[in-house]
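Hello,

Here is the structure I promised to pass on to you. Have a look at it first, and then read on for what turned up.

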Amino acid sequence: MASEFDLIARYFTRAAPNGLLGVGDDCALFPVPPGEQVATSTDLLLEGRHFFPDVDPKALGHKALAVNLSDLAAMGARPIGCVLGLALPHLHEPWLAAFAEGFHALAAAHGCPLIGGDTTRSAHDLAISVTVFGAVPAGQALRRDGAQAGDDIWVSGELGAADVAYRLLDGQYPSDAALLAATRGALEWPEPQVALGLALRGIANAAIDLSDGLLQDLGHILAASRAGACLRFADLPMAPALSGLDAAPLQRALLGGGDVYQLCFTAPASRREALLAAAASAGSRVTRVGEILPQPGMTVVDAHGQPLADLPAGFDHFPAD
């Protein structure tokens, strides 16, 4: 049977780019150009909590890195490298090979090489921890506390599909093979908006990635910026597969559904043309969905301008009893 070090060498050791020291020493080393700051983020994924036990391991490798790259995107940071921690309940090399394939493919696509990490045996379920490192010019990082009254609120991509796929797989919705086929990719193969985050530097006032749902994550911007917001439900970019949903599950998916990994950001109305040009250069679709208000609070209005009631909550690891 292969040892821990054999597995690392076989599946997780790649030649590091020039200037970086990768897998093989006690620490990885990477340079940061003068005038830039390091951006870093860590996510922990637990079997049964963040992914289903039977998920495609290649998709899981992709998503494990994607959720972290999404955090770099939200800060307007350029990826430098990443480290990976795996706690494995048992050794199954075909699973490891597929996981590594998905992980390394996304890492290569975004210039974020795996430069270190750790593996260990888990007594129970699989656990995955990824830490990413990025660089951003000093003072240019996109943050949550910069939203200004009068800013437009924008969302990239489409909303809702990942939430519906999760609820179908979890048995919360009746079985629907066609709907699952149309939405599952959004849940298991999210595409981090790194290029868009870089393009938004100097244009957006505030940004966040949508990992826990639009209302909850936008709420973090509002709290940090001491502002309020009004969203137009009819303008939200709904995934086309959701067109047949009833009103309640549709609202839950668009407003409260997590695992989106798109960006929500604010920018002055005067920068609309510049913002659309930046999004086009990044190959991203963006939609204007509301405005930042000076007074605290959040309202979602229907097509007639009437506030919606019973708004859904986003994801919370430790909800109040």
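A few ground rules before the details. This is a predicted model, so local features need pLDDT of at least 70 and side-chain atom pairs count only at pLDDT 80 or more, while totals for chains, interfaces and linings use all residues. Residues are numbered from 1 along each chain as its sequence is written, and side-chain values use heavy atoms, with hydrogens and water left out. Helices (H or I, at least four residues) and strands (E, at least two) are DSSP runs, numbered from the N terminus.

Let me start with the salt bridges. The term stands for a side-chain nitrogen of Lys or Arg within 4 Å of a carboxyl oxygen of Asp or Glu, and the count by this rule is ten. One of them joins the side chains of Lys63 and Asp259, at 3.0 Å from N to O. This pair ties together distant parts of the chain, 196 residues apart: Lys63 sits in helix H2 (residues 57-75), and Asp259 in the loop between helix H8 (247-256) and strand E8 (263-267). Lys63 counts as buried because its relative accessibility is 9%; for this label the cut-off is under 20% relative accessible area, with exposed meaning over 50% and partly exposed in between (1.4 Å probe, protein chains only).

Arg232 and Glu291 form a salt bridge too, with an N to O distance of 2.4 Å. Here strand E7 (residues 228-232), which holds Arg232, is linked to strand E9 (residues 286-293), which holds Glu291, and the two residues are 59 residues apart. Shared partners join Arg232, Asp235 and Glu291 into one network of salt bridges. Glu291 is partly exposed, at 26% relative accessibility.

A further pair is Arg143 and Asp145, whose closest N and O atoms are 2.6 Å apart. Both ends are partly exposed: Arg143 has a relative accessibility of 46%, and Asp145 has 37%.

Next, the helix packing. The axes of H2 and helix H3 (residues 93-109) come within 6 Å and cross at roughly 35°; these axes are lines fitted to C-alpha atoms, for helices over the stretch in contact, and angles run from 0 to 180 degrees between N-to-C directions.

Seven of its nine residues are buried, so H4 is largely enclosed by the rest of the structure. The buried set includes Asp163 and Arg167, and the buried residues of H4 pack against helix H5 (177-188) and H8. Just after H4, Gly171 has a positive phi of about 80°.

H8 itself holds Leu255, which is buried with a relative accessible area of 0%. Beyond residues up to four places away in sequence, Leu255 touches Gly213, Leu214, Leu215, Phe233, Leu236, Val300, Leu311 and Pro312.

Finally, the record. UniProt, in an unreviewed entry, gives "binding site" at Asp26, Asp71 and Asp209; its positions are in the numbering used here, feature names are shortened, and annotations may be inferred rather than shown by experiment. These three do not all gather at one spot, because the farthest two C-alpha atoms are 32.1 Å apart. Asp26 is in the loop between helix H1 (4-12) and strand E1 (36-46) and is exposed, at 83% relative accessibility. Asp71 lies in H2, is partly exposed at 21%, and contacts Ser41, Asp43 and Asp209, leaving aside neighbours within four places in sequence.

UniProt also lists His50, Asp259 and Phe315 under "binding site" (unreviewed entry). His50 is in the loop between E1 and H2 and is partly exposed, at 25% relative accessibility. Asp259, the salt-bridge partner of Lys63, also touches residues including Ala162, Leu187 and Ser211.

Best wishes

Key
Contact = heavy atoms within 4.5 Å.
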